[in-house]
Amino acid sequence: MADFSTTHRTVQSIHIIDLNGYLDAHTAPILEKEIGALVEQGMNAIIVNFRGLDYISSAGLGVFMVFIEQIRDRGGDIKLAAMTEKVFTVFDLLGFPMLFDITDTEDDAIVKFTAATT
Amino acid sequence: MNTPATHTATMQVRASLSELASVRAFVEQNAVDAGFPEATVFQISLAVDEACSNVIRHAYKENPGMKFSLLISRSANDFTISILDDAESFDPTNMPPPDMNKYFAEFRHGGLGVHIIKKVMDFVTYIPADEKHPHNELRLVKNLLYVS
């Protein structure tokens with residue numbers, strides 16, 4: 001299946017997930033499983049880098065809703081970074097920027113995490 | 001006002017979520033051909049994806065043995081995508097819009113597809129199957145009059 005993939009990195013103890021391709025009802029379960037595993041391992045600082053993501057539907061938005069409460073309840077966050085304008089319009093359409101910390105760049109998200117812990 | 005369709009295209013879709021990428025490609029090609037700008041092509045593709053996701057998941061329970069159809073028609077005024085299915089009738093246009101403040105406060109997920117469709121399309125209508133209509137039809141319309 002080539003229409004969606006992720007890569008995982010760690011920067012300054014922050015887990016970064018790079019998204020590539022198309023996040024729809026077919027591919028969203030892949031990401032849900034991956035974030036679910038991180039949350040279960042106790043990971044509290046997650047940045048999702050959207051730079052390589054070409055498309056998102058409501059099923060993709062739903063993945064972040066599944067975990068945000070649990071991770072914030074224990075003092076962590078999932079920050080969303082580097083969205084293309086098209087992908088941001090889908091978040092913006094329904095007011096998701098009210099709930100999620102969406103930053104222009106990955107570095108901005110890293111700074112927010114490190115500022116919060118110092 | 002209805003004007004005669006000048007162009008039509010159809011696609012048969014298996015009730016499998018793996019079909020969504022092909023659905024979007026089909027819709028995008030037709031929307032580009034109709035002259036819509038890229039941002040509008042994206043919106044139309046998103047709306048049809050949401051509508052088909054609902055049909056595949058809720059109407060056909062992801063049974064890949066079942067099929068439904070997309071019909072795209074273009075008149076001087078309108079670009080119309082009809083999603084035609086033979087499952088139990090369900091009118092999504094009757095669903096009230098969600099209270100997003102409550103939605104976020106309660107960390108809900110799911111159930112936003114219809115809301116997205118209504119936000120990005122100009123008209124959304126549902127015609128349940130009956131003696132006159134052989135299929136349930138969800139009709140999504142984008143106005144072509146303002147396309148330069």
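**Interface**

I looked up the area first: chain A and chain B bury about 2200 Å² between them, 73% of it on carbon and sulfur atoms. Buried area here is the accessible area (1.4 Å probe) that two parts lose on being put together, summed over both. In chain A, Tyr55(A), Leu93(A) and Leu94(A) lose the most area to chain B, together 28% of what that side buries.

I noted that this is a predicted model, in which local features need pLDDT of at least 70, side-chain atom pairs count only at pLDDT 80 or more, and totals for chains, interfaces and linings use all residues. Residues are numbered from 1 along each chain as its sequence is written, chains are lettered from A and ligands numbered from 1 in the order in which they are written, and side-chain values use heavy atoms, leaving out hydrogens and water.

I then looked up contacts (heavy atoms within 4.5 Å): 24 residues of chain A touch 26 residues of chain B.

**Salt bridges**

I found two salt bridges across the interface of chain A and chain B. The rule asks for a side-chain nitrogen of Lys or Arg within 4 Å of a carboxyl oxygen of Asp or Glu. Glu38(B) forms a salt bridge with Lys86(A), with the closest N and O atoms 3.5 Å apart.

**One residue**

I looked up Ile56(A), leaving aside its neighbours within four places in sequence. Its contacts include Phe50(A), Phe64(A) and Phe91(A) in chain A, and Leu46(B) in chain B.
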